[in-house]
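Please examine the sequence and the structure shown below. The paragraphs that follow lead through some of its helices and strands.

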Amino acid sequence: MHVALWPGDVYPLGAYWDGKGTNFALFSENATGVELCLFEEDDEETRIPLTEVSNFVWHGYLPGIGPGQRYGFRVHGPYEPEQGHRFNPNKLLIDPYAKAIDGDVVSDPAIFGYAWVEKDPDLTFSELDSAQFVPKSVVVDESFDWETDELLRTPWHETIIYELHVKGFTKLNPNIPKELRGTYAGLAHPAAIEHLQRLGITAVELMPVHHFLARPGYLAEKGLSNYWGYDSLNYFAPYSGYSSSGSLGQQVNEFKEMVKALHRAGIEVILDVVYNHTGEGNHLGPTLSMKGIDNATYYRLVDEMPRYYMDFTGCGNSLGVRQPQVLKLIMDSLRYWVLDMHVDGFRFDLASALARELYEVNCLGAFFNIIHQDPVIADVKLIAEPWDVGEGGYQVGNFPVLWSEWNGRYRDTVRDFWRGEEQTLGEFAYRLTGSPDVYYQTNGRRPNASINFITAHDGFTLNDLVSYNEKHNEANGEDNRDGESHNRSWNCGVEGETDELDVLALRERQRRNFLTTLMLSQGIPMIVSGDELGRTQKGNNNPYCQDNELSWLDWDLKDANRDLLNFTRELIYFRRQHPVFRRRKWFQGQAIRGTGVTDIGWYNPDGGEMTDEQWEIGYAKSIAVFLNGNRIPSPGPQGQRISDDSFLMFFNAHYETIEFTLPVEFQSYAWSLEIDTKEPRFVTDQRLFTGTQAVPVIGRSIVVLRRLE
């Protein structure tokens with residue numbers, strides 16, 4: 001291949017086609033030379049030295065080179081691991097700014113920068129060429145007809161999140177054409193969207209779609225793969241394995257079509273992003289991209305021993321967010337996904353790692369300051385997973401304004417409450433009201449700071465949460481050592497599958513209890529794909545490597561769990577119909593207790609108001625809650641007064657039936673039965689309670705009454 005090289009431009013980084021040719025630009029502060037490598041269909045390689053360097057950016061323009069062209073880089077420089085440098089021009093490198101990547105990494109000794117010797121292998125230098133084992137970056141045409149599509153900007157308090165895996169959600173759906181299952185186009189198919197719309201959710205949170213290391217060697221040896229995708233190799237390219245098209249770069253347009261289809265259905269798209277580490281691992285990991293481009297710039301190295309990596313993630317490395325170029329990479333990526341791909345927000349995996357400027361977590365550090373001043377990123381939904389695996393990494397409640405957080409304290413408290421563990425009712429009450437002790441009392445945030453969840457991709461499904469006491473991860477090939485051992489789960493009397501009717505009935509009720517608690521709590525609810533269908537992972541709480549039927553959503557469950565599906569749909573609809581369950585501001589603006597409460601009230605089973613002593617009784621497992629629909633302080637979008645029905649909610653986590661008495665101040669009203677979780681379906685008999693009539697709540701169930709004016 002003969003090509004002419006022009007000087008080109010420093011900006012933008014990556015490969016940019018202008019309609020006549022393509023500009024290539026790569027940042028490397030410590031490199032001594034960069035070669036652009038072009039690949040033809042037969043993988044014949046043409047190497048072109050980039051001789052122009054400006055502000056550490058190596059750049060050049062190739063007229064006539066356009067969309068579909070596959071390329072990569074070879075970067076020259078010192079191979080001095082003990083000084084933090086791991087340059088090796090024998091390794092083909094993925095462009096960190098590539099908008100599309102063709103295929104997956106193939107596990108082979110050639111993808112490692114070092115030679116395979118027994119002692120200190122990473123100090124050796126590999127002369128094996130990796131080009132045939134590394135996927136190629138692809139030049140793309142970034143134009144796309146979005147028509148009238150734009151970000152939906154669903155208000156936070158109206159948001160209901162549904163976490164899903166792009167492949168797993170549609171892979172087994174018989175109503176989607178086989179060639180589209182497991183792809184972006186499959187998720188955009190009317191059959192997939194109909195399920196989401198009928199369920200009533202307002203946003204999908206997609207597990208990682210950044211191009212990732214799909215088959216690391218240690219999993220490939222076991223016949224497994226990186227199903228979840230939390231090992232990113234690039235932060236711009238949508239993963240090619242989720243594309244239904246075999247055409248180079250078409251995954252970009254397919255992703256855009258998916259977003260456009262979801263937006264037409266009123267559903268926002270939130271991406272789970274992994275900016276805390278990459279798939280290149282530790283000092284013994286492969287050299288695939290940034291490690292070979294400029295290891296000392298892109299990664300957080302141990303100060304005294306830069307041969308090694310700081311690891312706040314448990315995955316081998318941590319991205320060097322103290323470096324301006326790394327911050328620029330992250331911000332450029334985020335803006336690209338908002339402006340060019342029209343996504344509505346981000347959930348940041350192990351976000352505490354991004355806040356470590358030195359060793360301690362600083363949630364007001366440079367990374368967050370940059371996001372807050374950015375007019376594009378500061379205006380979308382931002383969600384933190386507020387922990388990492390390093391010391392002091394658990395930071396629930398400590399992130400700054402603009403951020404919402406996965407509320408791990410909500411998950412733990414609600415799980416403990418319904419499995420009957422001793423804890424104070426005050427702890428449960430805080431979680432039910434949006435966790436003001438976590439968010440309001442620390443930095444004045446609102447209830448939308450709390451992303452409430454019972455289950456997530458990481459851990460038991462809802463069905464398994466009520467079916468297993470212990471994890472069963474043998475299929476992962478790690479002798480059941482992986483995954484969380486303390487799950488706060490309860491099998492309801494039998495471990496795993498059973499045909500005992502009383503156990504099955506209790507499990508079904510517990511599932512309804514969890515879902516009802518979630519949807520009636522202040523804050524933002526998140527449910528996991530398949531929980532509405534009773535999906536099981538057979539007790540595996542860490543199926544990160546199970547790209548098979550164990551993880552994929554089994555749509556045959558739809559018939560067997562019709563009642564659960566319909567209950568979930570009606571429950572979500574109930575929440576969306578009643579603003580008293582999704583307030584924008586706190587009850588009373590502060591504490592949840594006290595006398596003279598007008599917007600919320602807390603009562604004993606005998607109808608008396610809770611006393612301070614009763615709040616602290618660990619064995620107490622029953623409480624009644626009054627929500628006043630006439631005392632909603634926040635106006636509507638046009639300044640109108642918001643009012644709603646008033647409700648009494650009775651929670652009984654005790655194993656026996658408790659008969660609640662209506663509080664005296666409410667005995668002059670008639671109360672209509674709206675929800676009773678002992679029933680497999682929403683209540684339809686319109687049963688009424690008045691005066692001193694007892695409200696029976698069977699063991700481990702919830703009853704919700706609506707006041708009739």
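In which crossing, left-handed or right-handed, does α13 pass α15? The crossing of α13 with α15 is right-handed. This description, like those that follow, refers to a predicted model. Two packed helices are described by the angle between their axes and the distance between the axes. For helix α13 (residues 501-519) and helix α15 (residues 562-577), the angle is about 15° and the axes lie 10 Å apart. Because angles under 35 degrees count as roughly parallel, α13 is roughly parallel to α15. On the side of α13, the contact is made by Arg511, Arg512, Leu515, Thr516, Leu518 and Met519; α15 contributes Leu564, Phe567, Thr568, Leu571, Ile572 and Arg575. Of the residues in this contact, seven are nonpolar, two are polar and three are charged.

The strands may be considered next. Eight of them close into a barrel with parallel pairing, in the order β12-β13-β14-β15-β16-β17-β18-β19. From one strand to the next, the twist averages 25°. Strand β12 (residues 161-164) and strand β19 (residues 524-528) run parallel and are joined by three bridges. Here isoleucine 161 stands opposite methionine 526 of β19. Helix α3 (residues 190-199) packs on this sheet and touches β12, β13 (203-206) and β19; the direction of α3 makes about 145° with that of β12.

A further six strands form an open sheet with antiparallel pairing, ordered β20-β21-β22-β27-β24-β25. Its edge strands, β20 (600-603) and β25 (688-689), each pair on one side only. Within the sheet, six bridges connect the antiparallel strands β22 (residues 647-652) and β27 (residues 701-708). Phenylalanine 650 has valine 703 in β27 as its bridge partner.

Methods. Residues numbered from 1 in each chain as written. Predicted model: local features only at pLDDT ≥ 70, side-chain atom pairs only at ≥ 80, totals over all residues. Heavy atoms only, no water. Axes fitted to C-alpha atoms, helices over the stretch in contact; angles between N-to-C directions. Helix = DSSP H or I, 4+ residues; strand = E, 2+ residues; numbered from the N terminus. Parallel < 35°, antiparallel > 145°, perpendicular 65-115°, else oblique. Left-handed = near helix turned anticlockwise from the far one by under 90°. Contact = heavy atoms within 4.5 Å. Nonpolar A, V, L, I, M, F, W, Y, C, P; charged D, E, K, R; others polar. Pairing = 2+ DSSP bridges.
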